[in-house]
Structures are given as C-alpha cells and as structure tokens.
Amino acid sequence: MIPHSFLRYFFYPFFLKNNILFKVKPSGSLRVLLFHDFDDRHIPLFYSQLYWLSSFWSFISPQMFEGMMDGRIPIEGRNLLVTFDDGFKSNLKISKEVLEPLNITAIFFVCSNFITQPTYESSKLFLKNHIQPCDGFQCIPDHWTNLSPDDIEYLIRQGHTIGAHTANHKRLTELSPSEAYYEMSIARQTLNSLFSLDVTHFAFPFGDSSSYSPEVAEMAQKLFPYIHTGFRGNNAIAPNPSLILRDSASYQYPSLKYGLFPNHHLAAFLEGSVDLIYRRSISAYSS
Ligand SMILES: [Zn+2]
C-alpha cells in the first residue's frame, strides 16, 4: 500500500504540468471513477469534487462510454464515467443532490439480493454477511442500508444505467464454476425482470486481482458485453469491453465509513500516477 500523502505530494507537480499541457493539446483518455457509499457530510464535498473535475475532464454518459469502448465513437480529450458499487441507499441522494444538478448520468452496480432486502434489519444482516464482513452489527455504519426497487426505478427515470454486481456480493474466484455462473446469471435475470431491462454492464465484487480470473471473466462474457474491474488505468490505451479499468475514488476509515480523496490526490490517480502497478495484472488477463 502506497501512503496517500506520498502520492499526493509526489505527483502534484506532474498534475500541474499535465494540466497545462492538456489544455494546449488534448490527449485521448477514458477513465472510470468508482465510488460506494456517502454519509451526509460527504455529499456536498462530492458535488464540489465533481464540479472541480469538470474543469479538466468531460463527464460522459454510460451510452457514450459504450460507444467509445466499442470503437463507434472516437476517444478524444479526457473523458470520465462515474460508477457506484453495491447499491447503497445514499446513492439515491447522490443522484438528486449531485448528479442531476451537474447533469451527469452514471452506472449503479447493485447486488440483486441486496436491493430486495425488505427491512433495515435484514439489510444490515446482508451487509454484515456479504458486503462488509465484520464483528457484530455495531460495526456497520448506522446509515448503511439498501436502495429499494422503487429507488432503482427512480434512478432509471433519471437516465442512469443499472449494472449487475452478482446476487450476493461473492468473491467469484472462491466459488465453483457453477456457483459463480449462478451468482452472475441470477443477478442479471432478477434485474432484467424487476425493471424490464437488458442489463449489459457487470462489475466484479471487490475488483482486486484475487477476485478476478480468466475463467470467471470468460463466464461473465457469456452474460454481459461490458465487464468492469477494480484495476486502475486508462481505457483509451487498449479499449477492452471485457476488462474495463476503474479508479477507486474513495477510501474507508477504520469505522468502515467511506471518505473522499482530496482533489489533487484523485487527480494524481487520473493522471495515471499508479497505473504501472496494475499493468502487470491487466496484461496477464488481456492476453
Ligand atoms: Zn462491491
């Protein structure tokens, strides 16, 4: 783990230099931001962060992103897609208070068995057992609960895209092939039938190298044309819809609550400051 303070201070000069260069000569870049939950304190900060980023990056819709990944739309300038994993209730507030005012549409990756939890208590149990294993119920932040099917309907009406994130937030590499396939296919089937959709985007739970393997990726490709990972990188370099690179844009406190990276720290990630670390994993899977 690289200390975040080191990254921020080491790469800030590169960020400034690149900013000046990119303003003169735009270069093709296609990156995807990955967020999870937000507490109320972070919602205005998130608005400010996206507003700040919009000076240097163009936020693109999921449909535009698909076109760029498929080669139908040229990748010009600096393009950013926003995504959220898991299906936290706070994502509804994020749509209303941040994304809609900024005219940004995003992909929300949800676990089908999380968004169908009927009560606060059952939602907490699901979080503790599947999404954030920890000791006792007190370890789950109070405000964490699930988006409901009605909330998802609202997000769809706002133009957002719903993606699958398995049924139960399983690390697929730890399951048998049939169990892994079931986790993905039942999630797709449930979301399609609940919301009359044809779900085309999938994100691996956890998203790190131990949660991804060529075998599970091959199974996912049978179900979804767009497969998102947690490997950082610029998708414009070698666009591969089956191996979409995403930049984790939040971190967890010991309390498990999510926090936002400072602007210049996030900008350093988007400049590719740590892409090299992920390149070995990516080349192992993309060959
Ligand atoms: Zn997840």
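Reply: The largest nonpolar core has 67 residues. Phe108, Val110 and Ala164 have the most contacts inside it. A nonpolar core here is a set of buried Ala, Val, Leu, Ile, Met, Phe, Trp, Tyr and Cys residues joined through C-beta atoms within 7 Å. Buried means 20 or more other C-beta atoms within 10 Å of the residue's own; exposed means 12 or fewer; partly exposed lies in between; C-beta atoms are placed from the backbone.

This is a predicted model: local features need pLDDT of at least 70, side-chain atom pairs count only at pLDDT 80 or more, and totals for chains, interfaces and linings use all residues. Residues are numbered from 1 along each chain as its sequence is written.

Start with Phe108. Leaving out residues up to four places away in sequence, Phe108 touches Phe84, Gly87, Asn91, Leu155, His160, Ile162 and Gly163. Touching, or contact, means C-beta atoms, placed from the backbone, within 7 Å.

Now the chain as a whole. Buried residues make up 40% of its 287 residues. Of the contacts between residues at least 6 apart in sequence, 71% join residues at least 24 apart. The chain has 11 helices and 10 strands. These are DSSP runs, numbered from the N terminus: helices are H or I with at least four residues, strands are E with at least two.

Thr166 sits in the loop between strand S5 (161-164) and H8. Thr166 is buried, with 29 other C-beta atoms within 10 Å. Its phi is near 70°, a positive value in a residue other than glycine.

Next comes helix packing. The axes of H8 (residues 177-195) and H9 (residues 214-223) come within 10 Å and cross at roughly 30°. That makes H8 roughly parallel to H9, a label for angles under 35 degrees, with over 145 roughly antiparallel, 65 to 115 roughly perpendicular and the rest oblique. In H8, Pro177, Ala180, Tyr181, Met184, Ser185 and Arg188 meet Glu215, Val216, Met219, Ala220 and Leu223 in H9.

Ser196 lies in the loop between H8 and strand S6 (201-203). Ser196 is exposed, with 9 other C-beta atoms within 10 Å. Its phi is near 50°, also positive in a residue other than glycine.

Last, Asn235. Its place is the loop between strand S7 (226-228) and strand S8 (247-248). Asn235 counts as buried because it has 23 C-beta neighbours inside 10 Å. The C-alpha atoms of Asn235 and Arg31 are separated by 5.9 Å, though the two are 204 residues apart along the chain.

Conventions: Contact = placed C-beta atoms within 7 Å. Axes fitted to C-alpha atoms, helices over the stretch in contact; angles between N-to-C directions.
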